[in-house]
Amino acid sequence: MRPFFLLGFLLSNITATAAIEPISTSIAVGMAAALTGFLATYQNVFYYFHECCRPEWISFNRTGLEVALDRKLFGQHVASRVIQKAVTGFMNNKNPKKPLVLSLHGWTGTGKNFVSQLIAENLYKEGMASSFIHQFVSTAHFPHLSQIENYKSQLQQWVKGNVTNCPRSMFIFDEMDKMHPGLIDCIKPYLDYYENLDGVSYRQAIFIFLSEEEKDRWIQLKVAICNFYGRTDQIHIEINAGGEHITQVALNFWKEGRDREEIQLQDLEPALSLSVFNNKKSGLWHTSLIDKNLVDFFVPFLPLEYRHVLLCGMAEMSAKGLEPDQDVVDQMARDLVYFPKSEKIFSGKGCKTIGGKLDYYT
């Protein structure tokens, strides 16, 4: 029952009972006045029970995001720093010139989807379950190349309709590495520096693109390892994806005995954005989003080391309500695949399969 209908119903009953119940009528009039005052302050009391595009449901928790990135995201000091600064700066800007656009790159299991979840949890009261978060998976939502023109039209309508409904919407595009090239360009106008388009402003929205180097991951890793050991003559493959560059930088730091935490965004981002732009097998191939500098940050996720897998294992045990056991986690971690195999530098699947693995070892 809507509040205003309730008020009308109450007032009508006051009129009907005024002649025979003066005391009850006085009480009812008082209740109606109180209810009217309440509704004057809160236009709809049901805003508190049903998610809506209001501060009660959408409010950025800067400290929450910072703590979550620091305590839950392992081995990603570059990504953590960029995400924290980018999201905080954007949310604190009362008049942004364009939406926030982040492009996340790295191997499977390094934390890209997890970071999207952390942002959601510290922006929307309902977290990833919020009706203002819209997630697209390329292989599920845009599977057929023959339907690309229909997909473009639908995608434009989805973005426009949802931002019209709530300017503070968030869009997550997963599997950008599997998206048909040219498709994502259809939303370029919504990411640009326009005050509004057809009366709709997109400046408060957030767009996150997730690219995984899984298809060519083993080839990229083999190239990086051969380069690392100076055996480049054994391989003759042209690689254009960004994952190989991220891996190569991490390996070079390890080879030189330098601390992994010394790696900076500038060591990775320029080559990463160029390689993504030139990757013909990516949805970002020659996209106007990159050509027109509409992507605010290309965020690199480093391959995880053995020590990071241990941290993931301990955290997963806690999440399952188990007492963290170093011996159990170490046994599980030692049975995973690492490269180079003798040194066990990088985990082939990051932390992605740890939840299932622990069920076997506990």
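G109 counts as buried because its relative accessibility is 18%, where buried means under 20% relative accessible area, exposed over 50% and partly exposed in between, computed with a 1.4 Å probe on protein chains only. This is a predicted model, in which local features need pLDDT of at least 70 and side-chain atom pairs count only at pLDDT 80 or more, while totals for chains, interfaces and linings use all residues. Residues are numbered from 1 along each chain as its sequence is written, and side-chain values use heavy atoms, with hydrogens and water left out.

G109 is found in the loop between β1 and α5, with helices (H or I, at least four residues) and strands (E, at least two) taken as DSSP runs numbered from the N terminus. Leaving aside neighbours within four places in sequence, G109 is in contact (heavy atoms within 4.5 Å) with L304, K349, G350, C351 and K352. T108 lies in the loop between β1 (100-106) and α5 (112-121), and T108 counts as buried at 3% relative accessibility.

## The largest pocket

The largest pocket has a volume of about 430 Å³, and of the 21 residues that line this pocket, the closest to its centre are G109, F114, C312, C351 and K352. On a 1 Å grid over the protein atoms alone, a pocket is an open set of points with protein on both sides within 12 Å along at least five of seven lines, whereas a cavity is a set of points where a 1.4 Å probe fits but cannot get out; lining residues have an atom within 4 Å of a point. Grid points are joined across faces, edges and corners, and a volume is the space filled by probe spheres set on the points.

The helices α5, α13 (306-319) and α15 (354-361) each supply at least two residues of the lining of the largest pocket, and the largest share, four residues, comes from α13. By class, this lining divides into ten nonpolar, six polar and five charged residues, with Ala, Val, Leu, Ile, Met, Phe, Trp, Tyr, Cys and Pro counted as nonpolar, Asp, Glu, Lys and Arg as charged, and the others, Gly among them, as polar.

## The annotated binding site

An unreviewed UniProt entry places the feature "binding site" at G106, W107, T108, G109, T110, G111, K112 and N113. Of these residues, W107, T108, G109, T110, G111, K112 and N113 are included in the lining of the largest pocket. The UniProt positions are given in the numbering used here, feature names are shortened, and annotations may be inferred rather than shown by experiment.

## Strands β1 and β5

Strands β1 and β5 run parallel and are joined by five bridges, where two strands pair if DSSP finds at least two bridges between them. The bridge partner of L104 in β5 is V299. Strand β5 (residues 297-301) is mostly covered, with four of its five residues buried.

N95 has its place in the loop between α4 (77-92) and β1, and N95 counts as partly exposed at 46% relative accessibility.
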